Amino acid sequence: MRTLYRVTVAVAAIGITALSLTGSAHAGNGSAVGAGLLGFGVGAVVGSALAPQTVYVAPPPPVYYAPPPPVYVGPPVYVAPVYVGPGYYGRPYRGHRR
């Protein structure tokens, strides 16, 4: 475990030393920051314009069937009752005289 600790400290010390020897970057008068923000804004606008949009599709309309033609219903037919006589009903009723 001690060896791992020593190696970690040595790598950190070498990294700090290497980074401290480099010079600082000068961005000028800040125009690079403005150009970066402008590029970010243009990219956001173009990206949102090219993004796929959600499309809601309505179900297809129902199939229309024409109504059937009207059926003519005439007035009811009246049939006059026909008297047949007592024999038509089978036995004569009680009290019937022949």
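This is a predicted model: local features need pLDDT of at least 70, side-chain atom pairs count only at pLDDT 80 or more; totals for chains, interfaces and linings use all residues.
The chain has 98 residues, of which 1% count as buried. In secondary structure, the chain contains two helices and zero strands.

Helix 1 covers residues 2-20. With 19 residues at 1.5 Å a residue, helix 1 should span 27 Å, and its end C-alpha atoms are 27 Å apart, so expectation and model agree. The rest of the chain hardly covers this helix: the count of buried residues among its 19 residues is zero.

Helix 2 runs over residues 31-50, and Leu-50 lies in it. Is Leu-50 buried or exposed? Its relative accessible area is 69%, and because exposed means over 50%, Leu-50 counts as exposed. Leu-50 also belongs to a nonpolar surface patch, which it makes together with Leu-38, Val-42 and Val-46. The area of this patch is about 410 Å². As background to such spacing, an α-helix has 3.6 residues a turn, so residues three or four places apart point the same way.

Terms used: Residues are numbered from 1 along each chain as its sequence is written. Side-chain values use heavy atoms; hydrogens and water are left out. Patches are made of residues with over 30% relative accessible area and no salt bridge: like charges are joined within 9 Å, nonpolar side chains (Val, Leu, Ile, Met, Phe, Trp, Tyr) within 5 Å. Accessible areas come from the Shrake-Rupley method with a 1.4 Å probe; for residues, only the protein chains shown count as cover. A salt bridge is a side-chain nitrogen of Lys or Arg within 4 Å of a carboxyl oxygen of Asp or Glu. Helices (H or I, at least four residues) and strands (E, at least two) are DSSP runs, numbered from the N terminus. Buried means under 20% relative accessible area, exposed over 50%, partly exposed in between (1.4 Å probe, protein chains only). The expected span of a helix is 1.5 Å times one less than its number of residues.
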